[in-house]
There are 2 protein chains.
Amino acid sequence: MSVSVREVAAAAGVSVGTVSNVLNRPDRVAPDTVARVQAAIDALGFVRNDAARQLRAGRSRTLGLVVLDARNPFFMDVARGAEEAATEHGMSVLIANSDERTDREARHLELFEQQRVFGVLLTPVADAGAQIDRLRARGVPVVLVDRASADPATPSVAVDDVIGGALAARHLLDSGRRRLAFAGGPASIRQVEDRVRGAREAIAAYPDAALELLPTTALTVAEGRAVGRLIVERAPAERPDAVFAGNDLVALGLLQSLVMTGSIRVPEDIALIGYDDIDFAASAVVPLSSVRQPAELIGRRAVELLLGVGELDPQARFHPELIARESSVGRPRL
Amino acid sequence: MSVSVREVAAAAGVSVGTVSNVLNRPDRVAPDTVARVQAAIDALGFVRNDAARQLRAGRSRTLGLVVLDARNPFFMDVARGAEEAATEHGMSVLIANSDERTDREARHLELFEQQRVFGVLLTPVADAGAQIDRLRARGVPVVLVDRASADPATPSVAVDDVIGGALAARHLLDSGRRRLAFAGGPASIRQVEDRVRGAREAIAAYPDAALELLPTTALTVAEGRAVGRLIVERAPAERPDAVFAGNDLVALGLLQSLVMTGSIRVPEDIALIGYDDIDFAASAVVPLSSVRQPAELIGRRAVELLLGVGELDPQARFHPELIARESSVGRPRL
DNA sequence: TCCGGTCAATGAATCGTTTCAAACGTAGCG
DNA sequence: CGCTACGTTTGAAACGATTCATTGACCGGA
């Protein structure tokens, strides 16, 4: 069907070995031979068969990236950083979406294994310890993304979510809020757990403050809207005076529900803060406060750790940054 | 390094052919043999080598998708639709991002060719006719996504952007706007060209209306902000009274710039409408009007056309739908 | 003229899976 | 008892690029 090195070799009047050398180390081939082979390649429209290369090489020049939600701009930013860094090292990145489901995560990892990817970048849904060990046993390096690893043998790139959660909560407390709520889930996602923990710790310093959990089944706009409707249905006195959302998608959904009623004002009645500081946070109905994570940098560093570039700390930690916008400033209405 | 069928065969006391049969057509193998081989597979932790399979098969079970901008939720929605449909047929989808650059597009297509993908779904940056012909000459089916094809031999899935552009413009004209502007670019992107054309046609019916072009180098939030700043800098009388943005990202960026000044009100001073109706449009500062495209359906149909499912029209056309929200309702301030 | 050295080119072996014609064993039938 | 038929299993060939030990050609020096 398609043109192979053999045919190119025949057309150029050389051996297959020489064609391969022209392709991979042209400096070891006489200039006019290179020209002749190149001409044959162009004439026949030869395109390398990657499967054959890979089979021979034993592993591919591809990195697998499994994210929790491909529709979340945060993860796409991470992916972009990873892709940039990978390209610089002659590698490409395969993006897979687990949709926060362990079964899908497992399926994607299995596929990556079959493809003999060079390495895996993973934002685990829950505790993927077993899968990770399995991959490592096969010699496939794994780097955890946006999540600190319990096992020091597994490199990871993370932003301290406990600090991030504390930043968010303290910010709300500072402006006088006391009836805080956290909207997000499922709790099996480590990021959610840590952010809640950070918030709890910050609140502990205020005896008159409390944190209520408003669980969701996923960190999406739709789930945020649902939580928003729940809040709206409550009697005003029962409502929290500040909500910390698990990420910006949830926050934006929530914001939509709250604003739609017309009777609840943000931030006067309910202050709101999200997480990730995606591009869209700044242009929300009420510009959304958020805890920023350096998404592209996370992706880039993960790739660098995987490829062993330089002398990097295998447990990379970045600091989250509070971005205060209108959705959380000002005093609560009494 | 890694376990091969040969070793599994040895462990199970059968031939390699039988192992392969257990893997691919277990019904042709005696039940107890299947069990024995399966046990060996589990014991040794055998994982198929996809490169070898592919080499033997000649092509992969993978579809390549090249989008204009992976950070645009619209394309991620398209990708999700494509992935769903592909999975139903035992295929997977590789997502590549051209970032609206022909060189990146070409590079990705080249990589897909090397990987002997089963087919390519492409949203071309400009006129990729040559590349498409090349692929087809190799027997790689190509389907154009979100773009009608000039060549009837190339299947495509598109939403009529001329109609969409007309919808948007007419909507603005209906509410009394006359000094319209289109913000977007580059003009080499067909979608942009068509949307402008549609707007022009709609405006032609109003002798007192005019359309100004505010070109951008890409359809991004940042470019939208830049255009917004340009408008803000003008004397009020010089400003358009309605802006039709090339897509929602540009519209949201623009909205941010306009609202930030405090002196320009949307929609009173300037009405605004975007394109795509991404999730975030509804939760913008001023809820954004938009022209909705059925993103997931586009992706799904593209895959179905590629795989030749059912008796579908190879030139699929969907209709855009006007979603009017606050950013464009009401009369202009006189 | 012969030899050592250098630079090019060669081509068989290899990677791991799938395929397929052939071999094998067993049961059924006449 | 012999033959066919069927259900299993076999194992070598094939896919296409890369590698590497080997061969070949040529030049300069002795």
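**A buried residue and its surroundings**

Author: D146(A) counts as buried, with 27 C-beta neighbours inside 10 Å. A residue is buried if 20 or more other C-beta atoms lie within 10 Å of its own, exposed if 12 or fewer, and partly exposed in between, with C-beta atoms placed from the backbone.

Reader: Before we go on, what kind of model is this?

Author: This is a predicted model, in which local features need pLDDT of at least 70, side-chain atom pairs count only at pLDDT 80 or more, and totals for chains, interfaces and linings use all residues. Residues are numbered from 1 along each chain as its sequence is written, and chains are lettered from A and ligands numbered from 1 in the order in which they are written.

Reader: Back to D146(A), then. Where is D146(A) found?

Author: D146(A) is found in the loop between β4 (142-145) and β5 (156-159) of chain A. Helices (H or I, at least four residues) and strands (E, at least two) are DSSP runs, numbered from the N terminus. D146(A) has a positive phi of about 60°, although it is not a glycine.

Reader: And what is phi of R116(A)?

Author: Phi of R116(A) is near 50°, again a positive value in a residue other than glycine. R116(A) sits in the loop between α6 (102-114) and β3 (119-122) of chain A, and it is buried, with 24 other C-beta atoms within 10 Å.

Reader: Which peptide bond involving P186(A) is cis?

Author: The bond from G185(A) to P186(A) is cis, with omega near -5°. P186(A) has its place in the loop between β6 (179-184) and α9 (190-204) of chain A. A cis peptide bond also joins V266(A) and P267(A), where omega is about 10°.

Reader: Changing topic: how many residues of chain B are in contact with chain A?

Author: In chain B, 35 residues are in contact with 37 residues of chain A; contact means that the C-beta atoms of two residues, placed from the backbone, lie within 7 Å. On the side of chain B that touches chain A, α4(B) gives the most, with 5 residues. By class, that side has 18 nonpolar, 10 polar and 7 charged residues. Ala, Val, Leu, Ile, Met, Phe, Trp, Tyr, Cys and Pro count as nonpolar, Asp, Glu, Lys and Arg as charged, and the others, Gly among them, as polar.

Reader: What rotation superposes chain B on chain A?

Author: A rotation of 180° with 0.0 Å of shift along its axis does so, with RMSD 0.1 Å. The two copies are thus related as by a two-fold rotation axis. In chain B, the C-alpha of V285(B) is nearest the axis, 1.5 Å from it. Superposition is by least squares on the C-alpha atoms of residues with pLDDT of at least 70 in both copies.

Reader: Which helix gives the largest share near DNA strand D?

Author: Near DNA strand D, the largest share, 5 residues, comes from α2(A). The residues of this surface divide into 11 nonpolar, 11 polar and 5 charged.
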